[in-house]
Amino acid sequence: MKRGLKTCTTLRAAIIACVICAALLALTSANILFPGLSLAVFVLSSMPVLLMMIGLIAGLIPMFFCLLMALAALLRVGGAMLLGFGALYLLPMTAVYVYCLLRRQPFWHSCAALALALSGALTVIYALVQGMTGGQLYAAAGDAVMQSLDGLAMRDSLLYTLHQMGLLSLPQAMRETALVAVEGGYAFSAEAAQELTLQCRTLVMSLLHDLLPALLVSGTATNVLTGMGLGIYFGRRAAQKRAFKRDEPEQDIPDLGMPELRYWHIPRPWGLRIGILAVGYLIMRLPVGDTLYLLGALMWQAFCVCFAVQGLAAINFNQHQRGTRKGWRVAAIIAAMTVSLFQSVLMIIGVFDQINNARGLRPALKPRDGGEE
């Protein structure tokens with residue numbers, strides 16, 4: 001079997017990729033309290049990135065093996081329903097990804113196609129779950145959390161931890177009688193436990209209300225850019241190292257024309273169009289219904305993601321200009337993916353970079369009809 005992108009780059013890379021994927025799936029599904037939820041969150045947030053990176057670093061066959069392992073883990077933990085949702089989420093993205101790689105589609109076109117596949121799958125899943133819950137997804141999720149908490153042997157310990165973290169609170173009138181002595185220690189009284197459980201329900205409903213726009217836009221964009229960017233970068237580096245060590249022709253690992261991070265930018269016409277999405281922030285602040293609020297949230301998320309990426313590229317460009325060490329450049333990228341406050345700062349920097357063209361990447365406007373500017 002000829003080694004390469006269509007099979008596997010090396011047997012060693014394929015084995016390592018499959019072992020890492022299996023270990024991550026085993027760790028996330030080993031959650032004692034909510035194994036199905038933990039695994040579903042991992043598949044939703046990290047599995048697309050892992051598959052994209054494995055496809056470019058180890059090859060397409062190892063990527064398909066990892067996809068099958070993820071689906072098998074969903075079936076084992078959550079049954080046929082969770083398997084169906086996982087397949088609906090991962091299979092279209094994988095098909096689009098393979099098509100873009102084999103047909104050598106341009107980098108930004110590939111990213112847009114993958115983002116549409118992931119966000120489209122999430123939208124379909126959301127619609128299906130809404131139908132299954134009679135249009136009361138958030139309330140149904142809150143009720144499910146309450147039922148799960150009532151059946152947990154560690155319920156009081158979990159509620160106490162959430163209370164100490166400041167996520168839950170007790171009314172002043174309940175605080176003195178909240179804890180009662182039981183065999184082997186203390187537990188919450190029935191009234192206090194009921195109050196904290198109801199607060200858990202409200203907290204879950206509030207989180208889900210804000211989570212959907214973030215998943216559809218910023219979560220999808222982060223997954224696609226991280227998976228494609230890191231996959232291409234490490235895939236090309238691995239191919240170059242193998243060619244150097246073995247003194248053989250370098251394997252054809254496509255980069256799809258991806259520019260270096262410091263040169264990423266929004267073209268001038270698209271900057272104006274994307275800027276209009278900032279109106280979504282105003283919509284979110286108006287007394288509108290759930291549908292309009294969701295539309296405004298999606299618009300605002302898209303605006304923030306686009307200009308946060310531009311802001312990160314501008315900072316990376318400045319770091320290269322100043323000769324900043326690679327470790328600090330990597331730290332800035334990690335902070336951009338994990339720290340929400342840093343993402344807001346990047347968005348502001350991206351807007352300024354778009355306006356003043358400090359990096360000189362966008363050509364100057366030309367006068368029309370040969371007239372003077």
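Author: Let us begin with helix α3, in which Met47, Pro48, Val49, Leu50, Leu51, Met52, Met53, Ile54, Gly55 and Leu56 are buried. Buried denotes under 20% relative accessible area, exposed over 50%, and partly exposed the range in between, with a 1.4 Å probe and protein chains only. Helices are DSSP runs of H or I with at least four residues, strands are runs of E with at least two, and both are numbered from the N terminus. The model is a predicted one, in which local features need pLDDT of at least 70 and side-chain atom pairs count only at pLDDT 80 or more, whereas totals for chains, interfaces and linings use all residues. Residues are numbered from 1 along each chain as its sequence is written, and side-chain values use heavy atoms, leaving out hydrogens and water.

Reader: Why is helix α3 described as largely enclosed by the rest of the structure?

Author: In general, an α-helix has 3.6 residues a turn, so residues three or four places apart point the same way. In α3, which spans residues 47-57, ten of the eleven residues are buried, so the helix is largely enclosed by the rest of the structure. After α3 comes Gly59, with a positive phi near 120°.

Reader: Which residues does Asn223 touch, setting aside those up to four places away in sequence?

Author: A contact means heavy atoms within 4.5 Å. Asn223 belongs to helix α9 and is buried, at a relative accessible area of 7%. With those sequence neighbours set aside, Asn223 touches Leu44, Ser45, Pro48, Val49, Met52, Tyr89 and Leu118. Among these partners, Pro48, Val49 and Met52 are buried residues of α3.

Reader: Which residues gather in the patch of positive charge on the surface?

Author: A patch joins residues with over 30% relative accessible area and no salt bridge, like charges within 9 Å and nonpolar side chains (Val, Leu, Ile, Met, Phe, Trp, Tyr) within 5 Å. A salt bridge is a side-chain nitrogen of Lys or Arg within 4 Å of a carboxyl oxygen of Asp or Glu. Here the positive patch comprises Arg12, Arg237, Lys241, Lys245 and Lys326. Helix α9 (residues 190-246) contributes the most, with three residues. Arg237 lies in α9 and is partly exposed, at a relative accessible area of 30%.

Reader: How many helices and strands does the protein have?

Author: The protein has 14 helices and two strands. Of its 373 residues, 39% are buried.

Note on methods
Accessible areas come from the Shrake-Rupley method with a 1.4 Å probe; for residues, only the protein chains shown count as cover. Lys and Arg count as positive and Asp and Glu as negative; His and the chain ends are not counted. The place of a charge is taken as NZ of Lys, CZ of Arg, CG of Asp or CD of Glu.
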